[in-house]
Amino acid sequence: MNELQQELSKQLERFRNDKIEPFLEEDDRNETFKFEIFNSLGELGFCGMTLPEEFGGAGLNYQDLSIALSEIAKSSVSYAATISVSTMVQAILNEYGTKDQKKKYLPELTSGKEIGAFCLSESSSGTDAASLKTTAKKTEGGYVLNGSKMWITSGGIAKTYIVMARTGEVGHKGISAFIVTDGAKGFSYGKKESKMGWRVSPTRELVFDNCFVSEDNLLKEEGLGFKIAMSALDKGRITIGSIACGLSQRALDEAVKYSLERKQFDQAIFEFQGLQFMMADMATELQATKLFVNQAALNYHNST
C-alpha cells in the first residue's frame, strides 16, 4: 500500500472499531441498518471515492476503493456492500448520464446522504440477465414500467435505483436503463429476504405497477441497458472481491487469536504443527487473492 492507502486504512480501522464493532452482533441479529454510520462514512469521503470532485467525489481509483472496502468488511460486510453497490450506481450515472442527471443525482450519493441500488435480476433471469421480463412501454413524456426485480441490495433504503427494463426486442439489444426514485407512483417494495448473513444490509423485491418514468430518466438511449449493466458489473466484481478479502482477513485473524488463547495438553493449540500448516495455507491463499484483486483494480485503472 502507498502512503495514502495506509492512511485510508488506518482511518477506517479507527472508525469501524469505534462505530461499528461494538454493535455489530446486535445490529446483525436485529437487521438494523444505521443511516448515521453510512452518513458518517460519506462525511469522511468514503461513499464516492472514485467519482470526480466536480460531483462531490474524491477522484481516487479502484485500488484505493478496494483498500477501503476491505477494511470496512473486517467489521461489516453489510456497510461495505452498501458502499460498493452505491458506488456502482454512481459510476453508471457518471459514465452514461447526461449533465443534468449527474448534477441532480450524484452529489447526494457521493456525500453519503443517499444510497443507490442496482436493479437487474428477476425471479426468472439471474445469470441469464438478457432474458429479463420487466417492461418499459413508451408513452407520452416517458415510459411505463411493469414487472419486478428480485434480490436487490439496499432495496427499501436506497433513494436512487438504476432499473433495467425491456423497451424492445427479445435479448440484450432490447434492454434499456432507467433512473427510478423512491416514492415514484407505481413503485413499491415487495418481500424482504431473510438471510443467514449480511442482515444489516436489506435485500428486497421491487415491484413496478404502471410506474411512470420521465424520458429525462432514460440513461443514454434505448437499447443500451445491457451494456450499461455489464460495464457496471465489471467494476462490481472488483469491489465485491475486495470485500471478500477483508472478511477473510478478519476470519483468519480471529482463528489465530483463538488458537493462541485455547489450550490443550498444557499449551496453546497454535503450537501444534498440524494447525500451523492449516493457518499457513489460509494466509497464503488470502495473500494470493489480495494480489489478484489488486491486479484487477490496477488493470481497470490502466484501461480507463
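In this predicted model, F33 and Y79 are both buried. The structure holds ten aromatic pairs, and F33 with Y79 makes a tilted one, with 5.2 Å between the centres and 40° between the planes. This pair links distant parts of the chain, given that F33 sits in the loop between α2 (24-30) and α3 (35-43) while Y79 belongs to helix α5 (residues 77-96), 46 residues apart. A second pair, F187 with F208, is stacked, at 5.0 Å centre to centre and 10° between the planes. Here F187 comes from strand β6 (residues 187-192) and F208 from strand β7 (residues 203-214), so parts 21 residues apart in sequence are tied together. F187 and F208 are both buried as well.

K34 lies over the face of F23, 4.3 Å from the ring centre, and the charged end of K138 sits over the ring of Y143, at 5.1 Å from its centre.

Polar atoms of the Q101 side chain lie 2.8 Å from the backbone nitrogen of T98 and 2.6 Å from the backbone oxygen of D216. Beyond four places in sequence, Q101 touches residues including Y96, I179, N217 and L219.

Turning to the cysteines, the disulfide count is zero. For C119, the closest cysteine sulfur, in C211, is 11 Å away and therefore too far for a bond. C119 is buried, with a relative accessible area of 0%, and C245 also counts as buried, at 3%.

Key:
Residues are numbered from 1 along each chain as its sequence is written. This is a predicted model: local features need pLDDT of at least 70, side-chain atom pairs count only at pLDDT 80 or more; totals for chains, interfaces and linings use all residues. Side-chain values use heavy atoms; hydrogens and water are left out. A disulfide is a pair of cysteine sulfur atoms within 2.5 Å. Buried means under 20% relative accessible area, exposed over 50%, partly exposed in between (1.4 Å probe, protein chains only). A polar contact is a pair of N or O atoms within 3.5 Å; within protein, one must be able to donate a hydrogen and the other to accept it, and residues adjacent in sequence count only if both atoms are side-chain atoms. Contact means heavy atoms within 4.5 Å. Rings of Phe, Tyr and Trp (its six-membered ring) pair if their centres lie within 6.5 Å; planes under 30 degrees apart count as stacked, over 60 as edge-to-face and the rest as tilted. Helices (H or I, at least four residues) and strands (E, at least two) are DSSP runs, numbered from the N terminus. A charge sits over a ring if NZ of Lys or CZ of Arg is within 6 Å of the ring centre and within 35 degrees of the ring normal.
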